[in-house]
Amino acid sequence: MKRTFLRILPVAAALLLATSCSKDSDNDTSVATTPGNNLPAQEQVVEQLKSQAIPFSITVGKDGSSLSKSTVEYVDGTGYVQKFIAGDVLVISNSEVLQEDATLSLKSGDENKTSATFEGELKVKDGVELVKGKTTFDAVLKNDSKQNSGTAVDGVKEASSLAEAFEKYGYLTADDFTYNGSETKITLVQNTVFLKIKPYKGQTTATVNGTLYTAAGGGVIYLAVKSGTEITSNLFSGTKTVTNENGKVVKNIDRSDVSEGALDGVFSVSDTKTVKFSKGNLQATYDGSSWEWGFAANQWDYIGGAAANTKISGNGTVSENGTVDLFGWVGSSSTVLTSDPAMYGISSSTTTSEYGNLWEDVLKSDWGTKIGDGKTWQTLSTSEWQYLFNSRANNNMLYGHGKITVDEKEICGLIILPDSWTLPTGLEFTSGKSEWVNSYTTDQWAQMESAGAVFLPAAGYRRGSEVSNAGSYGWYWSSTADLSYYAGRVRFTSSDVHPAHHYSGRENGFSVRLVCPL
């Protein structure tokens, strides 16, 4: 059953009613009055309907006074036109007025049109009065031939196409509309939200509310849920509530242009390049025999002085199993740190020359190549970090200091906002350099993250096997070298930010936050 609205929330409709009374309704002998009704006689429109089957029709058209089926507008600007189909019926209900629900059928010949008429009859209870401006009804569209029972979607339902999703799972209702004779109007609201999902680049599956779905033709997954449903997915962090508000019932979740693990926000890092940040800092975990590379589960996560950051020894070995998230900067000119993972900065050596010493050196191997998902992950250059902080439009408004309270512990860090930014309702954000002024709970941060915000935790730095300043300072590497054993980095404290035109010795273990170019 195809239920489509240009704005979904209110769509006007006219109920054109005709009765089979033997006398004209203006005849006093056919009109029952209501006790206590002091309206002028011409306004006392009360119909005494005594267990009669009353002919009843609703014209569904495209003019301003009737219900219309029109184009559903996607969030990406494209549209989908729905039409009435065979089997569509309109059910009118009020148990206090009607003997049974009235089922109005689609008029023959109106199939495959965007305007139509529904016809049927009302069976009104004996002695019940149908009063203009007072009697109310509910309406719902259904189509048994499409297994659409005219009830709300239960859970998450999958469809092979958007058309099937609308026909099978659409739930259009008009609650408590007031009878007003031939001038009656109703508003049908679509109570189902349809998800049009494109999985991550190179992927054919996505998980929603714990269930794995596989993309069909065109690499798209179509799901239907009741408006107001909370969903979780591997495609985004936290929980999203999908609703039919703002005239949208088709929600696009498109991750086809980014790698798995990328956040939603889009950031300009040059005049021609935009990126999405990874969902957390880079991590490498040792299990006693091999290393596994990936991202922290949350943006605020960092290891600090825990193993294995403080157990690194020699040329890429650790003395205790665990996770490393502070890495030295190894240039391609290094002839000492050549084994995997030493050439990615997992080394306790503090001899600067071992890390390479060319001014125009490049990373021996960019950390992004270790993710192993076949996608493009990169480390920002110094010029790209500088552009991010200093050259974007309204750049002074797009970052600030903050903290997130996790299990009663405050995690301090730097918040960077995307190019296009709308502050979530009910939250505050102060830009610029300030003393961790922006404070959020994990639930509040989930809203910030959904709006595109990035959080770089103040993870401190490692020198050899000792970690310092975790929780109060943050250092993040760039991919750009400088002369005499140095490389560019971003550094921030509780009250200042130094973009990557500043440099530090390559032997220091700093955080790495990767990006995925668009």
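Q: In what order do the four strands of the open sheet stand?
A: In this predicted model, local features need pLDDT of at least 70 and side-chain atom pairs count only at pLDDT 80 or more, whereas totals for chains, interfaces and linings use all residues. Residues are numbered from 1 along each chain as its sequence is written, and side-chain values use heavy atoms, with hydrogens and water left out. Strands (DSSP runs of E, at least two residues) and helices (runs of H or I, at least four) are numbered from the N terminus, and two strands pair if DSSP finds at least two bridges between them. The open sheet of four strands has mixed pairing, and its order is β31-β29-β30-β32.

Q: Why is one side of β31 and of β32 left without a neighbour in the sheet?
A: Strands of a sheet pair through backbone hydrogen bonds, either parallel or antiparallel. One side of β31 (438-441) and of β32 (454-457) has no neighbour in the sheet because these strands stand at the edges, each with a single partner strand.

Q: By what angle are neighbouring strands of this sheet turned against each other on average?
A: Axes are lines fitted to C-alpha atoms, for helices over the stretch in contact, and angles run from 0 to 180 degrees between N-to-C directions. For neighbouring strands of this sheet the direction is ignored, and the average turn is 40°.

Q: Which residue of β30 is the bridge partner of V406?
A: Strands β29 (residues 399-406) and β30 (residues 409-416) run antiparallel and are joined by eight bridges. The partner of V406 in β30 is K409.

Q: At about what angle to β31 does helix α3 run?
A: Helix α2 (residues 382-390) lies across β29, β30 and β32, at about 95° to β30. Helix α3 (residues 442-450) lies across β29, β30, β31 and β32, and its angle to β31 is about 110°.

Q: Which residues touch the most other members of the largest nonpolar core?
A: Such a core is a set of buried Ala, Val, Leu, Ile, Met, Phe, Trp, Tyr and Cys residues joined through side-chain atoms within 4.5 Å, where buried means under 20% relative accessible area, exposed over 50% and partly exposed in between (1.4 Å probe, protein chains only). Of the 45 residues in this core, those touching the most other members are I197, W293, F327 and W367.

Q: Which residue is joined to D340 by a cis peptide bond?
A: Most residues other than glycine have a negative phi, and most peptide bonds are trans. Here omega is about 20°, and the cis bond joins D340 to P341.

Q: Is W436, with its positive phi, buried or exposed?
A: W436 is found in the loop between β30 and β31, and its phi is about 45° although it is not a glycine. Its relative accessibility is 11%, so W436 counts as buried.

Q: Is D176 buried or exposed?
A: D176 lies in strand β12 (residues 172-178) and has a positive phi, near 55°, in a residue other than glycine. Because its relative accessibility is 56%, D176 counts as exposed.

Q: How many residues line the largest pocket?
A: On a 1 Å grid over the protein atoms alone, a pocket is an open set of points where a 1.4 Å probe fits, with protein on both sides within 12 Å along at least five of seven lines, and lining residues have an atom within 4 Å of a point. K240, T241, D264, S450 and A451 lie nearest the centre of the largest pocket, and its lining residues number 25.

Technical notes: Contact = heavy atoms within 4.5 Å.
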